[in-house]
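Please open the model in your viewer and keep the sequence panel beside it. The tour below moves from the whole fold to single side chains and then to the open spaces around them.

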Amino acid sequence: MCVVGAINNYTAQLLTYGDSTKSSYNLTESLMFLAHFVGDVHQPLHVAFEEDEGGNTIQVHWYRRKANLHHVWDVSIIDTVMKDFYNKDLDTMNGWSDDISHWENCENKKATCANDYAIESIGLSCHYAYKDVEQNITLGDDYYFTRYPVVEKRLAQGGVRLAMILNRIFDKKEADTMPLYVQ
């Protein structure tokens, strides 16, 4: 199953929370997987090309360290940003407060807008992750400084959207009026 299907599946399972009949789902597991997959769909290479396994088969050097492109986007850029700009303090990451209401907009009442998030990510993988990358290239400052804003924003979007999905799941009186669609 793809990440979009998994998000919708685990959201549907969690929507059984509080039903009068005992749920046949492991809701703790559903919650953990939902959080994981909402993060994944916001990482562009998690919805990228099957032929290179989302960048896993593209060997690169992140400055002097050997890695694959997927690892650069999953770990290396984030670690470097935390060290260079935030003194390893996540609380200082901000700057998108004006965008949050736009990120929270999802009108799909039966599922999530995970497909829209995946479409955003595939566009970003083409325009940023894969752009100017080839086997064994060294990715340095030019790549880093043009890509880390994308990674930061996707992390923020993923967090906001996960919170929105969870609020909709666990606030039953708001479930039918709370939007889940991104424009």
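**The whole chain**

Colour the protein by secondary structure and read along the sequence, where the pattern is α-α-β-β-α-α-α-β-α, with 6 helices and 3 strands in the protein; helices (H or I, at least four residues) and strands (E, at least two) are DSSP runs numbered from the N terminus. This is a predicted model, in which local features need pLDDT of at least 70 and side-chain atom pairs count only at pLDDT 80 or more, while totals for chains, interfaces and linings use all residues. Residues are numbered from 1 along each chain as its sequence is written, and side-chain values use heavy atoms, with hydrogens and water left out.

Of the 183 residues of the protein, 43% count as buried, where buried means under 20% relative accessible area, exposed over 50% and partly exposed in between, with a 1.4 Å probe and protein chains only. Among contacts between residues at least 6 apart in sequence, 72% join residues at least 24 apart, a contact being heavy atoms within 4.5 Å.

How many salt bridges does a search of the whole structure find? There are 2, with a salt bridge taken as a side-chain nitrogen of Lys or Arg within 4 Å of a carboxyl oxygen of Asp or Glu. One of them pairs Arg-154 with Glu-120, with 2.6 Å between the closest N and O atoms; this pair links distant parts of the chain, Arg-154 lying in helix α6 (residues 141–170) and Glu-120 in helix α5 (residues 114–129), 34 residues apart.

Next, show Arg-161, whose side chain meets that of Glu-120 in a salt bridge (2.8 Å, N to O). Because Arg-161 lies in helix α6 and Glu-120 in helix α5, the pair ties together parts that are 41 residues apart in sequence.

**Select α3**

Move to α3 (69–85), which bends by about 35 degrees at Val-75, the bend being the angle between axes fitted to the seven residues ending there and the seven starting there. Its buried residues include Leu-69, Trp-73, Ile-77 and Met-82, and the buried residues of α3 pack against β1 (59–62), β2 (65–68), α5, β3 (138–139) and α6.

**Show the pockets**

A pocket here is, on a 1 Å grid over the protein atoms alone, an open set of points where a 1.4 Å probe fits, with protein on both sides within 12 Å along at least five of seven lines, and lining residues have an atom within 4 Å of a point. The largest pocket has a volume of about 310 Å³, and of the 18 residues that line it, the closest to its centre are Gly-39, Asp-40, His-42, Gln-43 and Leu-155. The largest share of this lining, 6 residues, comes from α6.

Finally, select the second largest pocket, with a volume of about 200 Å³, whose lining includes Trp-62, Arg-65, Val-75 and Asp-84. Here α3 gives the most to the lining, with 7 residues.

Note on methods:
Points joined across faces, edges and corners; volume = space filled by probe spheres on them.
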